[in-house]
Amino acid sequence: MTAKQRFEVERIMNALCYCDFEDFGTDHKDDVISVFRTHYKGGLSWSIDTGASKLVLIFPDFVIKIPFKYNWDDELIGANSQDGECWDYCAAELEQYEFAEQNGFAEFFAAVEYLGKVNGHPIYFQELADIYCMRGSDSTEAEVEEFEESDESNQCRWLDLDSYWRCDVLKYYGKEKYKAFINYLADVNIEDLHSGNIGYINSRPVLIDFSGWNN
Ligand SMILES: Nc1ncnc2c1ncn2[C@@H]1O[C@H](COP(=O)(O)OP(=O)(O)OP(=O)(O)O)[C@@H](O)[C@H]1O
Ligand SMILES: [Mg+2]
């Protein structure tokens with residue numbers, strides 16, 4: 001995180017202090033968003049995205065991720081984190097990122113940072129990426145066909161990872177790193193890599209949601 005980002009993040013955290021996260025879930029996120037909108041005094045433009053387990057505030061060059069506690073049925077969400085409170089899918093993501101850092105795979109991930117708790121609720125920072133389902137691939141159909149014919153990875157069927165994005169990974173990182181990365185994903189059990197969970201930072205292919213789902 002740059003010094004400028006840290007300054008902006010502080011203003012975001014100050015605004016989030018007004019939010020009540022007691023019943024924070026897919027059904028109750030609108031209250032948090034509207035209170036944040038009222039109190040955020042920073043100058044950055046921002047928008048909202050959500051998935052099944054997180055609210056994401058999207059700023060011009062980073063995102064703030066806030067894990068849901070409850071799902072649509074008001075049931076406590078279950079996550080794959082080994083430590084701490086088990087509903088926190090962002091904690092699962094941070095754990096994966098730190099493990100990737102220790103094992104030399106961090107470049108394949110959008111960096112995550114834990115910012116601390118606000119009113120008892122954990123808040124996280126992540127680098128901004130262009131999401132694959134919005135941006136598309138850099139590879140051509142012909143390149144992907146050739147790639148699919150020569151791809152030796154036997155993990156890809158299990159991973160269900162888009163072959164255009166995998167082709168971009170191979171082109172950007174090279175064959176050795178590509179193979180090591182695919183094997184690593186299987187080893188650490190990262191799954192649910194649909195087109196909204198992968199992307200690019202500039203032209204570097206990265207995972208943006210690696211908390212998994214059913215682990
Ligand atoms: N680093 C990022 N940069 C840009 N957009 C992001 C980033 N992280 C998340 N998003 C957007 O927010 C959406 C939800 O975030 P994320 O996938 O991490 O949450 P989730 O609730 O676990 O999703 P899922 O429904 O896949 O379980 C993403 O699909 C993406 O569109
Ligand atoms: Mg997702």
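This is a predicted model: local features need pLDDT of at least 70, side-chain atom pairs count only at pLDDT 80 or more; totals for chains, interfaces and linings use all residues.
Residues are numbered from 1 along each chain as its sequence is written, and chains are lettered from A and ligands numbered from 1 in the order in which they are written.

Stay with ligand 1, which 23 residues surround, the closest being Asp49, Gly51, Ala52, Gly196 and Asp209; a residue counts as near if its C-beta atom, placed from the backbone, lies within 6 Å of the molecule. Domain 1 (3-128) and domain 2 (132-207) each give at least three residues to this shell, with bounds that come from an automatic or database domain assignment. Which strand gives the most to the shell around ligand 1? Strand E2 does, with three residues, and E1 (47-50), E2 (54-58) and E5 (121-127) each supply at least two; strands (E, at least two residues) and helices (H or I, at least four) are DSSP runs numbered from the N terminus.

Next, select the open sheet of five strands, whose order is E1-E2-E3-E5-E4 with antiparallel pairing; two strands pair if DSSP finds at least two bridges between them. Its edge strands are E1 and E4 (112-118), each of which pairs on one side only, and the twist averages 25° from one strand to the next. Between E4 and E5 there are six bridges, and Lys117 can be found opposite Pro122 in E5.

Move on to E7 (residues 198-201) and E8 (residues 204-207), where four bridges pair the strands in the antiparallel sense, and where Ile201 has Arg204 as its bridge partner. These strands form a hairpin with two residues between them, and Asn202 in the turn has a positive phi of about 55°.

Finally, select helices H7 (residues 163-173) and H8 (residues 175-187), whose axes come within 7 Å and cross at roughly 130°. The axes are lines fitted to C-alpha atoms over the stretch in contact, and angles run from 0 to 180 degrees between N-to-C directions. H7 is therefore oblique to H8, since angles under 35 degrees count as roughly parallel, over 145 as roughly antiparallel, 65 to 115 as roughly perpendicular and the rest as oblique.
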